[in-house]
Amino acid sequence: EVSTWHTRPRFAVQGHLRRERADGHVLTTSTGRVHRDAAGTPLRADVDRTAGSIGVYSPLGALALYMQAAFDDRAFGAFHYYTPFASDTAREATHTRWVNAQLVGASARVGVAYRYHDDAYRYNPRTATNAHETRRLIVFGDFPLYASQQLDFGSRLHALSQSIESNSMGSRSDWQVGLAVWVHGRPTGWLQWYAASRVDRQSVWGTVFTPEFRLTVRHGLWTGRMALGQSLRPPSYVEQYFNTARTGVTSGNLGNPGLVPEKAQSAMVSVSREKGQLSMHVSAFARVTDNLIDFVQPDASTALFTATNVLNVTARGFTAQSRWEPSDRWQIHASWTGQRASVSSPREVYAYKYASLLRPWTGLISATMVTGAVRWSPQLDHFKPASGDIVTLVGLTVGYQHRRTTLNVAALNLTDAWYADLFDAPLPGRHYRAAWSFTL
């Protein structure tokens, strides 16, 4: 990986290039049996990736111009990414291109962004390749409308146009336009509030409204915060149209053009205290999602899993963080996060495809200790998979920095636990990583 930058009074240029290849770990079951393809070759989580970007900044009188272009090409093993079937020995390749430009002034910002993405997925060597090409164009503008010491408000306009060409989904396109208005109030030195409202008109699923509110109260060394909001996730092209352009489909996933967006309501409260070298932060959060989309099998008479707004998910959690920095050479940071999630459905179905992957609860403990030029970062991840025993992952990362050179060494999953996030596609067991970087 190489990064470079060049700065002059009238412009600045930054570039980045990354080349990565990994043969990947051998994929096994929880009992140690090796997954193999039809020829008997062990399957691996290999990846081949090339990515890069270039950015340009140039002042133009009272304005500033920012431009960036990037690409990301990948080829990788996709075993059991989307299905749990024994015949699934999938491979996938993607190519992505981005370009965006922004013109920024003291009272406004306008921009345009374009993204191209193609994806080739092959379930196994005996099946046809699913090939897709998507294009997305976004135009936006941010316009502050009023500003003072105690109150400011503004607006954001955006428009989106996107399309897909696919041998399994056909030719599809849609558009979206939206307006957001926000208000930020600071009536006193100890009180701040923020309110926003956004309305979007989409060509397929109509008009939606998403509000947000945040409040901050300070008293001495203490700070309290709360936030309430609503968000939407529209159905993807895959969820709406997968396999609908084909005839005679009797098994696997099937899209549903009649889906509606998922809707989530969230709430958060937090309290923090900071005094000199010591700070503490505690927060609690909850999120309720309705109309969650899953591919479901309605009964045992069919092998088709059809995309359906069928689930409600409730997640609740708690986070605690602390920081102690007695000197520049000694620093200790620690955090703990716990979350519980539950799934319910207003409809009876024979089988779900992805709801079964949700972790009922998870806990994460991490810490960072800096001693001079060395940084120690242990981490413990403790969670209950949707099925199977509780998993505990232990890792340690040690970093060393001297002048322009940085060295990082990590030992991960030291307990060599078997676990998977997607069906039974296992993630790495005990493994080690090392990275060395320097600045010329």
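This is a predicted model: local features need pLDDT of at least 70, side-chain atom pairs count only at pLDDT 80 or more; totals for chains, interfaces and linings use all residues.
Modeller: Residues are numbered from 1 along each chain as its sequence is written, and side-chain values use heavy atoms, leaving out hydrogens and water.

Colleague: Why is His35 called buried?

Modeller: Buried means under 20% relative accessible area, exposed means over 50%, and partly exposed is in between (1.4 Å probe, protein chains only). His35 has 8%, so it counts as buried.

Colleague: What does His35 touch?

Modeller: Contact means heavy atoms within 4.5 Å. Leaving aside residues up to four places away in sequence, His35 touches Leu27, Thr28, Thr29, Thr41, Pro42, Leu43, Phe79 and Asp424. His35 itself is in the loop between strand 2 (11–22) and strand 3 (47–60); strands are DSSP runs (E, at least two residues), numbered from the N terminus.

Colleague: Why is Gln68 called partly exposed?

Modeller: Gln68 comes in at 38% relative accessibility, so it's partly exposed. Gln68 is part of strand 4 (residues 63–77).

Colleague: How far apart are the C-alpha atoms of Gln68 and Asn100?

Modeller: They're 5.5 Å apart, though the two residues are 32 apart along the chain. Asn100 is also among the residues that Gln68 touches.

Colleague: And what makes Val183 partly exposed?

Modeller: Its relative accessibility is 23%, so Val183 gets that label. Val183 is in strand 9 (residues 170–188), and its contacts include Leu151, Trp193 and Tyr194.

Conventions. Helices (H or I, at least four residues) and strands (E, at least two) are DSSP runs, numbered from the N terminus.
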